[in-house]
Amino acid sequence: MEKPLACPKCHSTSLLKWGLGASGRQKYRCALCRRQFVAGSDHFLEPEKKAVVMRLLEAGVEPAKIREAIPDISLRWVYELRRRLKRDRQG
Ligand SMILES: [Zn+2]
């Protein structure tokens with residue numbers, strides 16, 4: 001199920017097509033905040049934000065708490081990161 005496309009930063013739906021991303025997916029640019037992003041990348045997150053989430057996960061913070069602290073990330077994504085973290089530790 002495809003969600004209506006919106007800017008991951010400001011959630012505006014005023015988007016401009018902005019060429020193709022490295023993976024061949026349609027890129028968009030937000031007309032409001034000018035943030036560029038690739039369509040359908042639910043898991044897209046800035047590296048800084050990912051680093052923060054990883055630190056919190058490593059400290060044992062529950063995904064729901066992390067989601068409260070950083071509202072514009074998806075809870076599913078936090079769980080996914082935690083799964084990866086556990087897997088890496090086991091390996
Ligand atoms: Zn925006």
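Lysine 49 lies in helix H1, where helices (H or I, at least four residues) and strands (E, at least two) are DSSP runs numbered from the N terminus. The structure is a predicted model, in which local features need pLDDT of at least 70, side-chain atom pairs count only at pLDDT 80 or more, and totals for chains, interfaces and linings use all residues. Residues are numbered from 1 along each chain as its sequence is written, and side-chain values use heavy atoms, with hydrogens and water left out.

With a relative accessible area of 18%, lysine 49 is buried; buried means under 20% relative accessible area, exposed over 50%, and partly exposed in between (1.4 Å probe, protein chains only). When residues up to four places away in sequence are not counted, lysine 49 touches Ile70, Asp72 and Ile73, contact being defined as heavy atoms within 4.5 Å.

A zinc ion is coordinated by the SG atoms of Cys7, Cys10, Cys30 and Cys33, at 2.2 to 2.3 Å. Donors are N, O and S atoms within 2.8 Å of the metal (3.2 Å for Na, K and Ca); water is not among the atoms, so sites may look incomplete. The angles among the 4 donor atoms of the zinc ion are 103 to 120°, and the site is tetrahedral. Four donors count as tetrahedral if all angles lie between 85 and 135 degrees. The spacing of the donor residues in sequence is C-x2-C-x19-C-x2-C. Cysteine 10, in the segment before strand E1 (15-20), and cysteine 33, in the loop between strand E2 (26-30) and strand E3 (36-38), are 23 residues apart, and this pair links distant parts of the chain. Cysteine 10 is partly exposed at 33% relative accessibility, and cysteine 33 is partly exposed at 29%.

The three strands form an open sheet with the order E1-E2-E3 and antiparallel pairing. Because E1 and E3 stand at the edges with a single partner strand each, one side of each has no neighbour in the sheet. Neighbouring strands are turned by 35° against each other on average, direction ignored; axes are lines fitted to C-alpha atoms, for helices over the stretch in contact, and angles run from 0 to 180 degrees between N-to-C directions. E1 and E2 pair in the antiparallel sense over 4 bridges, two strands being paired if DSSP finds at least two bridges between them. The bridge partner of leucine 16 in E2 is arginine 29.

The structure holds 3 salt bridges, a salt bridge being a side-chain nitrogen of Lys or Arg within 4 Å of a carboxyl oxygen of Asp or Glu. One of them joins arginine 82 and glutamate 62, with the closest N and O atoms 3.8 Å apart. Arginine 82 belongs to helix H3 (residues 75-90) and glutamate 62 to the loop between helix H1 (47-58) and helix H2 (63-69), so this pair ties together parts that are 20 residues apart in sequence. Arginine 82 is partly exposed at 24%, as is glutamate 62 at 45%.

Glu80, Arg83 and Arg84 are linked in a network of salt bridges. Between arginine 83 and glutamate 80 the closest N and O atoms are 2.6 Å apart; both residues lie in helix H3, 3 residues apart, about one turn of the helix. Glutamate 80 also meets arginine 84 in a salt bridge of 3.3 Å, N to O. These two residues are 4 residues apart in helix H3 and therefore separated by about one helical turn. Arginine 83 is exposed, with a relative accessible area of 51%, whereas glutamate 80 is partly exposed at 23% and arginine 84 is partly exposed at 31%.

Definitions and conventions. Tetrahedral: all angles 85-135°; square planar, octahedral: opposite > 155°, others 65-115°.
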